[in-house]
Every structure is written in C-alpha cells, then in structure tokens.
Amino acid sequence: MKLMKLMDGFDSTYRYVLVAARRARQLSTGAPPLVNTNARKPCRIAQEEIAAGKIQYITKANASPAEAGTKPEADNKTSY
C-alpha cells in the first residue's frame, strides 16, 4: 500500500476531502473558479484551487470569536 503525503495546511486527508467537496459543490452551482485551469470537472478545479493556496479552512477551535463570523477577505481567498 502506498502512503500519500498530507497536503500542506491540512491536518488530515479527511479534512482535505471535506474542503475540496464543499468547494466543488460551490463550483457546480455557478461559483467562478479562483484559478485559471483547463479542467472542466468541479472536483479537479477545487483541487487545483487548494494546491494554488486560494482555499483555506478555519476550525472553530482555532478561530477567535471575531474571525468565526467574518466573511472571506477580498484577497481572492476562500475560507471554510
């Protein structure tokens, strides 16, 4: 069995899959991609956005009360 390296910025492969799935769902409902890509499938576009550092996640345990209720910043990054 081949072991895969965790994607930088993620504490588990499960969290990576959850973030990618949520972003793919947004893309499939009409959200514009954050990266230029030739990919057509929402899952692949979401993976490329994560690899480019355009998608981040914030857990409730790590976020301050002020950050937990804020919207993503205007620097073209999306937080989950």
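Modeller: What follows begins with the aromatic rings and then turns to a pair of helices. Please keep in mind that this is a predicted model. The structure holds two aromatic pairs, and Phe10 with Tyr16 is one of them: their ring centres are 5.4 Å apart and their planes stand at 90°, which is over 60 degrees, so this pair is edge-to-face. Phe10 and Tyr16 are both buried; for Phe10 the relative accessibility is 10%, and because buried means under 20%, Phe10 falls in that class. Phe10 also pairs with Tyr57, where the ring centres are 5.2 Å apart and the planes make an angle of 20°, so that pair is stacked. Taken together, Phe10, Tyr16 and Tyr57 make up one aromatic cluster.

Tyr16 leads on to the helices, for it is among the residues of H1 that meet H2, alongside Val19, Ala20 and Leu27, and the residues they meet in H2 include Ile45, Ala46 and Ile50. The axes of H1 and helix H2 (residues 42–51) come within 8 Å and cross at roughly 120°, and the two helices are therefore oblique to each other, in a crossing that is right-handed. Sorted by kind, the residues of this contact between H1 and H2 comprise 10 nonpolar, two polar and two charged.

Methods: Residues numbered from 1 in each chain as written. Predicted model: local features only at pLDDT ≥ 70, side-chain atom pairs only at ≥ 80, totals over all residues. Heavy atoms only, no water. Phe/Tyr/Trp six-rings, centres within 6.5 Å; stacked < 30°, edge-to-face > 60°. Buried < 20%, exposed > 50% of the residue type's maximum accessible area, 1.4 Å probe, protein only. Axes fitted to C-alpha atoms, helices over the stretch in contact; angles between N-to-C directions. Helix = DSSP H or I, 4+ residues; strand = E, 2+ residues; numbered from the N terminus. Parallel < 35°, antiparallel > 145°, perpendicular 65-115°, else oblique. Left-handed = near helix turned anticlockwise from the far one by under 90°. Contact = heavy atoms within 4.5 Å. Nonpolar A, V, L, I, M, F, W, Y, C, P; charged D, E, K, R; others polar.
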